[in-house]
Amino acid sequence: MASKHLTPAQLRVINRIGNILAPGDGVLPRFSDTGCVEHIDRMVAYFPPSDIASLQLLTSVLRFMPNFVIRLLFKLTSLDRYFPGSVASNLRRLDVGLRGIIFGLYYSFLDEPDGHGQRIKDGIGWDAAIHSKPEEPDEIPGLIRAANPLNPPQA
Amino acid sequence: MLEAGKYYPRDTLPLPEIDSNSQMYWSGGIELDTTCKNGIMRGKAVGGGTLAYQAIMCRFDEYAFGPWRDLSGIQYLTVDEMSPWYEKAESLLHIAPVDERYRSECSRIFVEGHAKYGYQAKPELRAQRDCHWEEGNDCIMCLGGCPIDSKQSMPHTVLKPALKQGLHLIPEFEAKRLEVKPDGVILHGEYQQSERMSFFGRKLVLAGAPLGNTKLLLKSGFKAKLPALGDNFYVHTQWFHFGMYDREINAHKGPFQVYGSHDPKLRQQGFKLENTFPPPVGLAWLFPGYGREHHATMRKFRNLSSVETSIRGLHPGTLRLDKHERLIINCGFTDDEERRTKVAQELAHNILYSFGAKQVVTSRFSICPHHFGGLNMGADGTRSCVDPEFHLHGFRNIYCADTSAFPNAPGMNPVLTILALSIKASQHILREMA
């Protein structure tokens, strides 16, 4: 496993969290079995630096926690409404962030058509598609390239 | 034209949801408000949010313009006086409702559910053409940009002719600070996240929407001269309500967001219902629960229908900077918004149950693709930032006509009004340049 932003140990924590949120059910695979954590930089690279630092800190701390503690944490996030303002908002922040990472990786069908991505796609019955082809050639990329004075002139 | 995002050609759109969410929106997808209940979505691409949205077109009504006049003191904000500007905007786009032949089961539940409870739902006017539903196209795929250019997004409508007329466009330039000079404006920023650059212009039009414009001006020290800067920030909070059926609904198939509630009674109550459905990552993120229960829900994906409730924020929030110059977003929600959220939720649940839903669940969070204010328009410079002729108060060389200048949340889809106000603003600018 390789990431520019997270260490292998931190990625293993992401896999552990993934297995709690998406443990697999016989049809849908377990999160860590899909290998989708390999693609985490496709997401994390676009986070603000402060969010990357928070994720690094969180995964470093959770590394030393047994799974039941992580489960307890998610249980608490679902009870956010019973906590005072700042505690509740931090629980929600955790929930938003971790669900976004895990489900973003899992349901983007990253290794279709042959791998686990296809299995997840088939498992939920996702078959949305655009079958048509564009009717006209696309002029805009050429116009935009030419419109940028910082681009080197084309030969 | 300086744009922070990249240009995504139709054949290399970042279509897996992981890529479209990360690359086409600021901060990797969403930005949370202080309560972390509301996720602000704002586009970061050439064309901005119009790649993902730019679909529903409506002229504002008196429920929108009335409060705008009261708050701003600007008298041209009426249905009649704005009509010519709307006409010009409409002439730039292909706008039509979706043919009823392609109405899905999700849409049927939405429309007939409204009727059952005494409300009206009507086809939305959508900016799209040649979607070829007869070939089995599913518009949910176009939420990360339309691969067949059917969606009338900004690059395909107003940008293309501008480029042909010689517009210079620099993508991947993030504006950091603004400096006012006697003869113009200097914008300092970063190109491709590495190279510092500055641009001088005689005039500057801010078009970074509420969060972008407000952050830039706050960082540049404008709060001292514009006391209202960062005040009067509003959102529409959009909640999804999912009904689980024992039959296939296939809400993800065919045209998208075909109907909306168009009912004065709901308008008066300050909310709207929309006929939408999220793609898999969005659904998994929004739907409460995890573990095996979550998998069971996702495996019944095709049996889900949804109704979205869009709540008009009527109480102003604020945009501020923390000590690290990060935005602190306060959506300003009060008990009144909470109450209306519950009323809207109850109607959405009733609609879904009345057509046989076995279970109805509301999303864990709300999303806010529509946000307004921070640089609100008004005649009084002590209580507003943008004057009736679209200048920043006291700065004749800086203009703004996007949603950051809106006096409050209109409770309606804003795109057509952004276009109409922009065209009106362009006439002022041209006159002044002449």
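In this predicted model, 58 residues of chain B are in contact with 51 residues of chain A. Four helices of chain B each give two or more residues to the side that touches chain A, and H1(B) gives the most. Chain A itself has 8 helices and 0 strands. The points below take up the contact between the chains, the form of chain A, and selected places in chain B.

**The side of chain B that touches chain A**

- The elements of chain B that give two or more residues to this side are helix H1 (17-24), helix H5 (154-164), helix H8 (280-286) and helix H9 (292-299).
- The contribution of H1(B) is 6 residues, the most from any element.
- By residue class, this side of chain B divides into 26 nonpolar, 17 polar and 15 charged residues.

**The form of chain A**

- Along the sequence, chain A follows the pattern α-α-α-α-α-α-α-α.
- Chain A is more spread out than a compact globule, because its radius of gyration is 20 Å, well over the 15 Å that the globule rule gives for 155 residues.
- Taken along the principal axes, the C-alpha atoms of chain A fill a box of roughly 60 × 40 × 35 Å.
- Of the 155 residues in chain A, 30% count as buried.
- Among contacts in chain A with a separation of 6 or more, 58% are between residues 24 or more positions apart.

**A strand of chain B covered on both faces**

- In a regular strand, side chains alternate between the two faces of the sheet.
- Strand S12 (residues 271-274) of chain B has both faces covered.
- S12(B) pairs with strand S13 (residues 304-312) of chain B in the antiparallel sense, over 4 bridges.

**Positive phi values in loops of chain B**

- B:Cys36 lies in the loop between strand S1 (31-32) and strand S2 (38-40) of chain B.
- The phi of B:Cys36 is near 60°, a positive value in a residue other than glycine.
- B:Cys36 counts as buried because 20 other C-beta atoms lie within 10 Å, and the cut-off is 20 or more.
- B:Asp149 is located in the loop between strand S5 (126-127) and H5 of chain B.
- For B:Asp149, phi is near 55°, which is a positive value in a residue other than glycine.
- B:Asp149 is also buried, with 20 other C-beta atoms within 10 Å.

Note on methods: Residues numbered from 1 in each chain as written. Chains lettered and ligands numbered in written order. Predicted model: local features only at pLDDT ≥ 70, side-chain atom pairs only at ≥ 80, totals over all residues. Contact = placed C-beta atoms within 7 Å. Nonpolar A, V, L, I, M, F, W, Y, C, P; charged D, E, K, R; others polar. Rg over C-alpha atoms; globule rule 2.2 N^0.38 Å. Buried ≥ 20, exposed ≤ 12 C-beta atoms within 10 Å, placed from the backbone. Pairing = 2+ DSSP bridges.
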